[in-house]
Amino acid sequence: MKEDKIFFVILVITSILGVGSGAAEFFVAPEGNDGNPGALAQPFATLQRAQRAARSVRRRESVTISLREGTYYLPETLVLTSADSGTSDAPVLYRAYGDEKAVISGGLRLDLKWEAYRAGIMKARVPASLTTDQLFVNSRRQPMARYPNFDPNQRIFNGYAAEAFSPERARRWADPRGGYIHAMHRHMWGDYHYLITGKKADGSVTYEGGWQNNRQLGMHAKYRFVENIFEELDAPGEWFLDDKTDTLYFYPPGVDMNEALVEAVRLRHLIELRGTPRDPVRFVTFQGLTFRHAARTFMDNKEPLLRSDWTTYRGGAVLVDGTEDCAIEDCHIDQVGGNAVFVNNYNRRITVKGCHISRAGANGVAFVGDPNAARNPLFEYAQRQRYAEIDKTPGPQTQNFPADCRVEDCLIYLSGRVEKQTAPVQITLAQDITVRHCSIYDVPRAGINIGDGCWGGHVIEFCDVFDTVKETGDHGSFNSWGRDRFWGLTDLDLNDDATWEAHKNLPLLDVVKTITLRSNRWRCDHGWDIDLDDGSSNYRVVNNLCLHGGIKNREGFYRVVENNVMVNNGFHPHVWYKHSQDIVRCNITGSDHYHPAGGMPSTPWGKEMDRNLVHRAGVMQPQPAEKLAEQSQRDAHSVIADALFVDPAHGDFRVKDGSPALALGFQNFPMDRFGVQKPELKAIARTPEIPWVQMADSEVSVEQLQTIWQARVRDIAGLGDQSAYGLPAPSGVLLVKVPAGSQGARSGLQKDDVIVACNGKPIKSVSDLKGILAYATTGKLKLEVIRRQRSLSLDLVD
């Protein structure tokens, strides 16, 4: 009854102000009053009051809530349910008014009285019981007190130290409880985070955590730092909140704190759209708004995903869960502590368009479905199952996952400021996700990651993705896994001819639709440009410009790699199935195929590998690509020749008329349509450095086999071997052959083991190992070995 009266008053006022009968508009301003009617001249003060007003409008009328300029500090998360829905003819729109800047904040402004503490550090009393994990000064996030100090020029963690929490260091700390340890994964496959819980008498700290990575191999010995330690407050920009005395300490970086805007962070989520598959939130759009001040969530990133290397936290500054036909358009999501946008479980036709997403603590936009929608889900990398026990039905068993969604015309950079096993765009347990015309760069791991084959249909097109894998390793600008039902079955060998003939569709049980990468530009200086990793199947990779790292196909099935340009690099085959059905044709490469890492079938590679051109400047008469043919046992018509690029110095790798690539079937594709197109974003977006085109060389040679302990060994050769054998670095000694009864076999060594240490000393090469053996005493040797991506210790027997 009360809402009816409010609705009647609003209708009368909006009619007087000239709002049409088919639409209702309410206004909100920081200086407004929730007792006002919500008119332009008499706005509400809060979004919650505007939400209640919008609910009072009949569903056949569209509703617009316009936010005037200023910052809206939310007292609690704004939660929209199906009661807030619009319709296709009468949508609901939350927008910034005109060109005004409206900021939705999960924090609060602090009005403080500062006084000098010591050595340039200021202090101020804060409201009782204030907690915050971030501090913003003049709208810029400041680093917590940390060791080592924040250094913008340090690529990994902005500074790291092996002794970050050593007993010697920790003895300086009176009470480190509440501090954090951040460390890279031992093999650089993401990172770990820990909460310090105390300190022992010997100075060593106790801590809990480390659940943020699905490949549990321990923290890196070198790449680690600590933060939120009072005694480490010693550099401009650092801060520490003493919650026992309600005192904030800050070392101003040349800022007048009496004039500065100081803000703390309270909320994890700013906006939640929460519906259900049966009763979804529908036709709600957020437009032109800035979202800022969302709390970090790295200690709640615990849920493992399907045998990928990831775990996830299901939340973000904007959480979308159980919705249809909703959108986030032309918004700026700025410096949030965790995920920027998280699209969780059932969602259909969600659009993120024209958005500027910068400096998120975790993912930019994540689409993550329900593991229970998958058939026979497994979670940890080493888990395996039997063919006899799996469900053979193709596709999902429920619809509780994101589908038919888009990320379009967005600028996303510097994500993963806190969590490194993240991506600007993450897709897992989803279907038909399109990522189009996005510029993505300056990130710790992949720019775009697809975590599994469930359930395919994704299209990645016209994106510009570069400066990726900047803090981690063994990854690509695009990365995918496909550790689906077929992968690693213990009772079925898909390399067996008869087994393959009977089970050709097995790799397609989960990836029921083809995943397409087309017309993108990629550059990864610390890995591959395109990395189709474990199990990735049913991919079509076409018309991509790869500027540095080439294209890698690891074990998987039904991949087509066609009509791509790989500058100064080539195609990387890793650990293929005998019957992969892969097609690699009509590509221009800068090298021969790379050394096949981890073993390849002795039969010809794939289904078709041919009509590829290895670019070699000045070779005007095409020559047979004998090395390619020798490697693949295919490539009968592939050639070495000058591709005749149009303007490679300026990034135009189309080929001129008369190029031998055209005769092989290569077709030019546009080189000027990569990345964001929205003028306001294009004006500020970076583009990748264009490499000089080098003379094509043959693959890096592998050192000749040598004999140790009657076993045949060789050096690990480059990034390919590192990835294939799951190594922390591209070094070590590979066991190529271990004859039965040999000293190596009696000691427990096996084929494809990699020796990385002997008697505690690192082994980078065969010569290192021989050097240790030459000076070894008669005592036993202890070997550290990596076997199938897991570490173990072995004693060498006589």
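How many residues lie between β8 and β9 in the hairpin that these strands form?

1. Basis of the note. This is a predicted model, in which local features need pLDDT of at least 70 and side-chain atom pairs count only at pLDDT 80 or more, while totals for chains, interfaces and linings use all residues. Residues are numbered from 1 along each chain as its sequence is written, and side-chain values use heavy atoms, with hydrogens and water left out.

2. The hairpin. Two residues separate β8 from β9, and Ala119 in the turn has a positive phi of about 50°. Strand β8 covers residues 115-118 and strand β9 residues 121-125; the two pair in the antiparallel sense over three bridges. Glu115 stands opposite Lys123 in β9. Helices (H or I, at least four residues) and strands (E, at least two) are DSSP runs, numbered from the N terminus, and two strands pair if DSSP finds at least two bridges between them.

3. A further partner of β9. Strand β18 (residues 247-250) pairs with β9 in the antiparallel sense, over four bridges. In this pairing Ala124 is placed opposite Leu248 of β18.

4. Nonpolar cores. The largest nonpolar core has 84 residues, and those with the most contacts inside it are Leu289 and Phe291. Helix α2 (residues 47-55) gives the most to this core, with four residues. A second, separate core of 19 residues includes Val713, Val738, Cys758 and Leu796. A nonpolar core is a set of buried Ala, Val, Leu, Ile, Met, Phe, Trp, Tyr and Cys residues joined through side-chain atoms within 4.5 Å. Buried means under 20% relative accessible area, exposed over 50%, and partly exposed in between (1.4 Å probe, protein chains only).

5. Surroundings of Leu289. Not counting residues up to four places away in sequence, Leu289 touches Leu67, Tyr94, Arg95, Ala96, Ala102, Ile104, Asp330, Cys331 and His332. Contact here means heavy atoms within 4.5 Å.

6. Cis peptide bonds. Tyr147 and Pro148 are joined by a cis peptide bond with omega of about -5°; Pro148 is in the loop between β12 (146-147) and α3 (167-170). The bond from Cys454 to Trp455 is also cis, with omega near 0°, and Trp455 belongs to the loop between β38 (448-450) and β39 (459-461).

7. Leu414, although not a glycine, has a positive phi of about 55°; its loop runs between β34 (411-413) and β35 (425-428). Gln710, likewise not a glycine, has a positive phi of about 60° and lies in the loop between β59 (706-708) and β60 (711-715). Why does Gln710 count as partly exposed? Gln710 does so because its relative accessibility is 44%.
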